[in-house]
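Come along while I look things up, one entry at a time.

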Amino acid sequence: MNKEQESLLLNSSSRFLIPQGVKISYGTAGFREDASILSSTVYRVGILAALRSLQTQSVIGVMITASHNKVSDNGVKIADPNGGMLSQHWEPFADAIANAPSPQQLLQLINEFVEKEKIPFDGIRPAEILLGRDTRPSGDALLEAARQGVTSIAGAVASDMGILTTPQLHWMVRARNKGIKASEQDYFDQLSSSFRCLMDLIPTERSKFDGINGKLVVDGANGVGGAKLKILHKLLNDLDIEVRNSSEDEGVLNDGVGADFVQKEKVVPRGFGSKDAGIRCASLDGDADRLVYFYVPPETNAQIDLVDGDKILSLFALFIREQLSFLNEKEAIKNYHKARLGIVQTAYANGASTNYLKHLGLEVNFTPTGVKYLHEKAAEFDIGIYFEANGHGTILFSESFIEWLEVRSNELSSGSKGSEAEKAALRLLAVSKLINQAVGDALSGVLLVEVILRHMGWSIHKWNELYHDLPSRQLKVKVADRTTVVTANAETVVVRPPGLQEVINAETAKYTQGRCFVRPSGTEDVVRVYAEASTQEAADTLANSVAKLVDQFLGCNSS
């Protein structure tokens with residue numbers, strides 16, 4: 001790094017000094033904090049993104065969002081060249097530069113990292129960063145901080161892509177690095193054309209949805225997703241969608257609305273009630289990377305029947321498995337390829353869903369909580385499906401399987417046109433374009449759920465009957481330092497502090513179908529408690545008992 005570059009960094013970083021006493025870490029969803037103290041962090045992430053772009057010789061993304069958090073919060077995360085999360089190898093560096101106490105120490109850290117990682121400053125290919133933000137009032141100022149961070153690296157270009165859903169920004173990064181057109185309109189065009197292709201392939205006898213089952217009412221969490229869904233809806237004549245709680249309404253972002261609220265509280269979001277009884281409803285989160293479905297029972301006091309990420313995963317798995325079975329009916333065919341389908345879940349997946357998927361004969365794998373772990377595991381399969389119960393998930397198709405599928409589709413088109421095998425190949429290719437393979441995407445997820453329900457001829461009630469969830473309860477316990485809790489086995493076993501897992505085991509053993517685990521939050525100083533049992537009362541009691549045990553071991557009061 002030359003003196004001119006060092007001077008540029010020192011001058012710009014002196015405008016973004018760290019607030020006193022603030023220490024921040026790159027969690028499962030990047031950096032998140034109260035927006036008022038984030039400017040220096042976001043500025044430094046801009047630098048980080050530019051360095052990542054130089055090292056990978058690729059377009060990198062920076063998204064300003066705090067997803068389902070309250071409106072006063074904000075955050076920032078990086079989209080890597082494949083559209084996925086920042087490489088875990090770079091996370092310690094992200095933490096280090098975010099917390100460097102002075103411009104001089106920041107420069108020293110950058111110099112050391114540039115030398116260690118052999119990051120080129122030869123100017124052959126300048127850094128290129130796509131910037132996006134959600135609808136939070138703090139987004140504009142923080143995006144400018146990110147832009148200044150990017151441009152503090154000589155020659156780096158920061159392109160403001162505007163107000164976007166988080167998945168749109170990830171999709172754009174992935175598309176740009178694949179040499180595909182990557183505007184917002186390109187995103188809408190790809191989703192709508194692949195949706196129409198799948199609609200055209202629905203069996204004739206199942207193609208008619210009428211009455212109450214034909215309408216979908218969507219809660220947009222008063223965030224960016226509702227407004228984007230309205231745009232998408234205009235491109236699709238086949239969907240009857242009503243959007244409530246869009247960012248164009250007067251409601252507060254994520255306040256009594258959104259997928260996180262609906263999934264955790266199991267009650268209707270604002271603007272929904274008994275008038276919606278029996279109607280198929282869905283809820284996005286604030287930046288539209290989570291999706292859950294629900295319906296309001298005829299007799300209700302705000303309670304709902306939740307159709308969560310586990311059930312979305314199960315629906316997708318059933319559909320994919322059906323298409324693969326059509327393709328694999330004749331094993332003697334030329335270029336036969338038995339695709340490896342893998343399901344990936346975390347410990348938060350309801351035990352009933354895991355049992356159901358295994359009963360279908362599917363391979364189920366577990367990872368620690370966090371999309372980066374799920375995504376990495378799903379990428380090991382020809383088709384990998386991952387979802388968290390909170391509604392974040394997607395389907396990944398390997399490049400080699402897509403290539404085989406395209407060849408097979410052409411063979412079937414010439415030799416067996418109109419056959420179930422040809423339709424299956426075309427459906428799978430359309431799914432690979434409809435689903436956002438960069439990250440969980442509530443908009444593409446809604447379209448895929450809707451077309452599969454039509455393909456199956458199912459109402460939301462029939463879908464919800466695939467299996468019955470075991471009652472569960474989630475709590476959190478405030479702690480002084482979440483890093484004092486260390487887990488193993490995909491976060492299902494506590495390794496430290498010693499003795500805590502043993503008392504959790506003893507408590508869990510008291511309950512029929514009992515299952516309980518604790519894990520440190522990735523974003524705040526709390527320990528999360530998850531419990532399942534055969535009745536809701538038992539699950540509640542188990543969760544509360546274990547929360548007290550955690551509090552006893554770590555010396556803080558539960559919340």
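What volume does the largest pocket have? I looked it up and got about 1,400 Å³. A reminder to myself: this is a predicted model.

**Entry: around the largest pocket**
I asked which residues sit closest to the centre of the largest pocket. Of its 49 lining residues, H68, D260, K264, E524 and R528 are the closest. The most comes from α9, which gives six residues.

I then turned to the second largest pocket, which holds about 780 Å³ of space. Its lining has 32 residues, and S25, R482, T483, S521 and G522 lie nearest the centre. Two or more lining residues come from each of β1, α3 (91-98), α12 (371-378), β16 (486-488) and β18 (515-520). Here β16 has the largest share, with three residues. By class, I noted twelve charged, ten polar and ten nonpolar residues in the lining of the second largest pocket.

**Entry: strand β2**
Is strand β2 (residues 59-64) largely enclosed or open? I went through its residues and found six of the six buried, so β2 is largely enclosed by the rest of the structure. I also looked at which way they point. V59, G61 and M63 go one way from β2, while I60, V62 and I64 go the other way, and all are buried.

Next I wanted to know which strands are joined to β2. Strand β4 (residues 128-133) runs parallel to β2, and six bridges join them. M63 has G132 as its bridge partner in β4. Strand β3 (residues 73-79) runs antiparallel to β2, with four bridges between them. In β3, V76 stands opposite I64.

**Entry: cysteines**
How many disulfides does a search of the whole structure find? I wrote down zero. I still looked up two cysteines to see how accessible they are. C516 has a relative accessibility of 9%, so I put it down as buried, because buried means under 20%. C197 comes out at 29%, so I noted this residue as partly exposed.

Definitions and conventions
Residues numbered from 1 in each chain as written. Predicted model: local features only at pLDDT ≥ 70, side-chain atom pairs only at ≥ 80, totals over all residues. Heavy atoms only, no water. Buried < 20%, exposed > 50% of the residue type's maximum accessible area, 1.4 Å probe, protein only. Pairing = 2+ DSSP bridges. Disulfide = S-S within 2.5 Å. 1 Å grid on protein atoms, 1.4 Å probe; cavity = no way out; pocket = protein on both sides within 12 Å on 5 of 7 lines; lining within 4 Å. Points joined across faces, edges and corners; volume = space filled by probe spheres on them. Nonpolar A, V, L, I, M, F, W, Y, C, P; charged D, E, K, R; others polar.
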